[in-house]
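Open the model in a viewer and keep the selection tool at hand. The stops below are meant to be followed in order.

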Amino acid sequence: MTKKMYVFIPETKQQFHQVTMAKIANQFDSNPSDPFICKDIEIIQGTHKPGKNKLSKLPNESEQSLYIVGHGAPGMNRIRIGESAEIPHFETGENMTAEQLVQSLKLNGLANDFCGKIKLWICSSGAEGNGNPALATLVYLALKKEGFLKCRVYGYSYTLRANRYNEHTDTKFAVVAPIKNGSKVGTIKTTTPEGIVEKLIRARDARLEFTSG
């Protein structure tokens, strides 16, 4: 049975930044006119108010995933939540550190014994850069410090794309390896004699695991 897809949007001081990220997360559903519309998805918008426990509904199972959505870059020690994905400027939006993210997860009811997967659907969240560790490393350490010892943290080594692969409309892109219609994808840029070529890669092939405990 296909599991429900849970997506967490951390709270922001300006609510419209959070709403913007929710709109991006909604693209996980692809286009309703497409035959491969995503499995059931629930977007959980975080709150700073205690007692809401929005994440308490998350099944505590080893194969259950919780996606965290935001903007990022290699070696970036924070998540950018908001409208702009411009790198390195991030002209709009709000910053959240790994420690703040973990506090937000706790405040919103994530169980300390959660044994599933926390996937940082954030561009280059699994990539080091400028001598700095990957964001996923920082999140893993922050989770461990707060007693989350059973979950697994995943970061991604390349740029990610919200909308899923469509074999009918994505024909202009080369692919690193065969991609199933409806798969989540990222992009990788390679230099060729003809110039820079952007290729699509399956998100799972760009994913790195960081295991707590």
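At roughly what angle do the axes of helix 2 and helix 3 cross? Select residues 98-107 for helix 2 and residues 135-145 for helix 3. In this predicted model, their axes come within 8 Å and cross at roughly 50°. Angles under 35 degrees count as roughly parallel and those from 65 to 115 as roughly perpendicular, so helix 2 and helix 3 are oblique to each other. The crossing of the two helices is right-handed.

Show side chains for the contact between them. On the helix 2 side, pick Ala98, Glu99, Leu101, Val102 and Leu105. These residues meet Leu138, Val139, Ala142 and Leu143 of helix 3.

Which order do its strands follow? The order is 2-1-3-6-7-12, in an open sheet with mixed pairing. Strand 2 (41-45) and strand 12 (207-211) are the edge strands, and each of them pairs on one side only. Direction ignored, neighbouring strands of this sheet are turned by 25° against each other on average. Keep helix 2 displayed here: helix 2 packs on the sheet and touches strand 1 (5-9), strand 3 and strand 6. The direction of helix 2 makes about 130° with that of strand 3.

Now select strand 6, residues 117-122. Are its faces covered or open? Both are covered: Lys117, Lys119 and Trp121 are buried on one side, and Ile118, Leu120 and Ile122 are buried on the other. That makes six buried residues out of six in strand 6.

Strand 3, residues 65-70, runs parallel to strand 6 and is joined to it by six bridges. In that pairing, Leu66 has Ile118 as its bridge partner. Strand 7, residues 152-156, is also parallel to strand 6, with three bridges between them. Here Lys117 stands opposite Arg152, and Ile118 stands opposite Val153.

Trace the chain from strand 6 over helix 3 to strand 7. These three elements make a right-handed β-α-β unit.

Stay in strand 7 and select Tyr156. Is Tyr156 buried or exposed? The relative accessible area of Tyr156 is 1%, and buried means under 20%, so Tyr156 is buried. Leaving aside neighbours within four places in sequence, the residues in contact with Tyr156 include Tyr67, Lys119, Leu120 and Trp121. Also among its contacts are Ser124, Ser125, Gly126 and Ala127, as well as Ala203, Ala206 and Arg207.

Between them, select strand 10, residues 185-192, and strand 11, residues 195-202. This pair is antiparallel and is held over eight bridges. To find one of its bridges, look at Thr187, whose partner in strand 11 is Leu200.

Key
Residues numbered from 1 in each chain as written. Predicted model: local features only at pLDDT ≥ 70, side-chain atom pairs only at ≥ 80, totals over all residues. Heavy atoms only, no water. Buried < 20%, exposed > 50% of the residue type's maximum accessible area, 1.4 Å probe, protein only. Helix = DSSP H or I, 4+ residues; strand = E, 2+ residues; numbered from the N terminus. Pairing = 2+ DSSP bridges. Right-handed = clockwise from strand over helix to strand, strands pointing away. Axes fitted to C-alpha atoms, helices over the stretch in contact; angles between N-to-C directions. Parallel < 35°, antiparallel > 145°, perpendicular 65-115°, else oblique. Left-handed = near helix turned anticlockwise from the far one by under 90°. Contact = heavy atoms within 4.5 Å.
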